[in-house]
Structure formats: structure tokens, C-alpha cells
Amino acid sequence: MVGTPPFFPGFARLDVDAGGVRFAGVIGGVGPPLLLLHGYPETHIAWRKVAPALARDHTLIIPDLPGYGASRPQTMVPRWTKRRVGAALVALMRALGHERFALAGHDRGARAGYRLVLDHPGVVSRFASLTVVPTVDAMAAVDYNFARKAYHWFLFAQRADLPERLLAAAPDAILDHAIAVMNANSDSVIEPAARDAYHRAFRDPAVQHAICEDYRAALDEDLAHDQADCTAGRKLDCPVLVLCSSAQDVTERIAIWKAWADDVTGIITTGDHLQPEDRPEEVIAALASFFSGTTPG
């Protein structure tokens, strides 16, 4: 791990083989370990505005999810379900010497995060979910408004290789549309250099395929895993922070998460979906409090 990576002054590059993935990203800070996981359509740089403050009290491990950005699985078969992603992330943390750690995930990262907690009891000390509820609950609530705004859930989940061909035809347009729908078009949310970095990643055919496989898994294996856990009454064994955007009903989301964990706290940020980029100061305040143990949970 050498050199100073773009967007993260003072951090080191993450370059570790673990769990069948060559993980890329960054690592830095001092204190107990905190794993930060990004969402769609981003890479690890989604945490660039939040990381410097959190690094004062935590050792931050910020990877690209397998297949996203520059993290490369050794093979894409079998599919990278959230269960496989979670196992690979546990292997990554163990390779870095961390048997137990805190975890915050946004969007797809939160889905990998709660699966990791469920599948690996005793490993995660505290878990923060930014903007999402479990997949089985999200899909049960789908209506035409969700489908219109989050059309990519259903487009990318179509059988290969139609979605990959569509992504390859207009990657910049699809990425820019996603950013616009998330009300993140302002340079104050995603500055030109960061948007350029997202474009470069999104144009990679390997990344396009991994994204489609991610969404295929969501409506297939991931959904089945959630349903099995619901039936078995399995719960997350750590405190959970539910960080909602301004468009979300925090009371409703706390109620959903309380079916999955006994210890749930909810906080609302004033921005839209891309919370760490849209409202970094609010995210810093919420996460710093929660992971220090001062937020009730």
C-alpha cells in the first residue's frame, strides 16, 4: 500500500487479495477499525468528504465493492451475491488484522453490510445503514413511483447480456441520469473531478457486467436469503443506525429495521440520496456520534 491516492490526502492505497477479490480503495486514520461501503453508481470515492473527519478517531478501510471501481474478483462465476460480498469483506478485514469492526454502508454497500452482519455474528460491533431498508422489504413496497425513479433495479436485473449491451451503448448518459434523479447534479455535491472518476469506472465493461450481476442477485439469491432469514427470525446482533434522507419516513424505516434488530436508532439528513456527498457534515456528525457510542442505540 504505497502512494497518496486521489481524493484522500494522507491515506494509503488499499491493494489486498482476500476472499477471491483483489480489493482496491484506500485506508487511513487511527483508532478502531471502521469499514465504509459505497453504493451505486459510485466507487469508494463516495466517502471522500466524510473520511478526513472520521479518520481522526477510526482506522478507515474504504474499498470498492467487488466488481465496482477497481476491485476485481478472480472470477464472476458463481454470481457475486451479497452473501459472497460479505464473506469477501470479512476476509479483507481479517487480512488487515481486524477480527471485529464497525461498518457503515450506503445504498448497495448497506445491502452488503447487513448481509455481512447476519451471516457473521459477533464480527460487527455497530452497523449504520444509509438510505436503505432490507431488500425483501424494499421489494414488498415497490409501486410505480419507485419503479419509475429506480428503473435500473429492473433493467439491470434482466438476463445477460441485454443490460450490458445497453450500458455499453451509453454509459455516461446512464450515469448522469442516475445522478440527476438523485438530485446530485450540482458541482457542490459531485465536483467535476469526482464525476469524471465515476465516468471512467462506469465505462469499463467489467464494471458494467458486475453492476448487472449485482442487481440480478438482488432479485434472485439476495431476496431468497432475506426471505429465509425472515422465516427463521434471524436478526442483526449489533446496534443499528438508520440514516434517512429528507424524502424518507424515518418512523416507517425504524419500524422496518426493528423487525431485523433489537437496537435501532433513526436520524434524518436534510439532503437527498447521495448522503455522504450531498450532506457530508450531517453524515459525519451522525456517524461520529453513533460509532463513538454516544448516540443511543
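Colleague: Leaving aside its neighbours within four places in sequence, which residues is Thr 4 in contact with?

Modeller: Contact means heavy atoms within 4.5 Å. With sequence neighbours up to four places away set aside, Thr 4 contacts Pro 9, Gly 10, Phe 11 and Arg 13. Please bear in mind that this is a predicted model, in which local features need pLDDT of at least 70 and side-chain atom pairs count only at pLDDT 80 or more, while totals for chains, interfaces and linings use all residues. Residues are numbered from 1 along each chain as its sequence is written, and side-chain values use heavy atoms, with hydrogens and water left out.

Colleague: Where is the place of Thr 4, and does Thr 4 count as buried or exposed?

Modeller: Strands (E, at least two residues) and helices (H or I, at least four) are DSSP runs, numbered from the N terminus. Thr 4 belongs to the segment before strand E1 (12–18). Buried means under 20% relative accessible area, exposed over 50%, and partly exposed in between, with a 1.4 Å probe and protein chains only. Thr 4 counts as exposed because its relative accessibility is 53%. In the segment before E1 there is also Phe 7, which is partly exposed at 26%. Phe 7 has a phi near 75°, a positive value in a residue other than glycine.

Colleague: Which residues is Pro 33 in contact with, leaving aside its neighbours within four places in sequence?

Modeller: Pro 33 lies in strand E3 (residues 33–37) and counts as buried, at 16% relative accessibility. Beyond those neighbours, Pro 33 is in contact with Thr 59, Ile 61, Met 93, His 98, Arg 100, Phe 101 and Ala 102. Pro 33 and Ala 102 are 69 residues apart along the chain, yet their C-alpha atoms are separated by 6.4 Å.

Colleague: What does the side chain of Ser 129 reach?

Modeller: A polar contact is a pair of N or O atoms within 3.5 Å; within protein, one must be able to donate a hydrogen and the other to accept it, and residues adjacent in sequence count only if both atoms are side-chain atoms. The side chain of Ser 129 reaches the backbone oxygen of Val 132 at 3.1 Å. Ser 129 is in strand E7 and is buried, with a relative accessible area of 1%. Trp 257 is among the residues that Ser 129 touches, as are Leu 241, Val 242 and Leu 243.

Colleague: Which residues of helix H12 are buried?

Modeller: An α-helix has 3.6 residues a turn, so residues three or four places apart point the same way. In H12 (residues 250–258), the buried residues include Val 250, Arg 253 and Trp 257. These residues lie on the same side of H12 because they cover an arc of only 65° around the axis, where the arc is that of the directions from the helix axis to the C-beta atoms. Their cover includes helix H3 (108–119) and strands E7 (124–130), E8 (240–244) and E9 (264–268).

Colleague: At what angle do the axes of helix H2 and H3 cross?

Modeller: Axes are lines fitted to C-alpha atoms, for helices over the stretch in contact, and angles run from 0 to 180 degrees between N-to-C directions. The axes of H2 (residues 82–95) and H3 cross at roughly 75° and come within 8 Å. That makes H2 roughly perpendicular to H3; angles under 35 degrees count as roughly parallel, over 145 as roughly antiparallel, 65 to 115 as roughly perpendicular and the rest as oblique. Residues making the contact include Leu 89 and Val 90 of H2 and Arg 115 and Leu 116 of H3.
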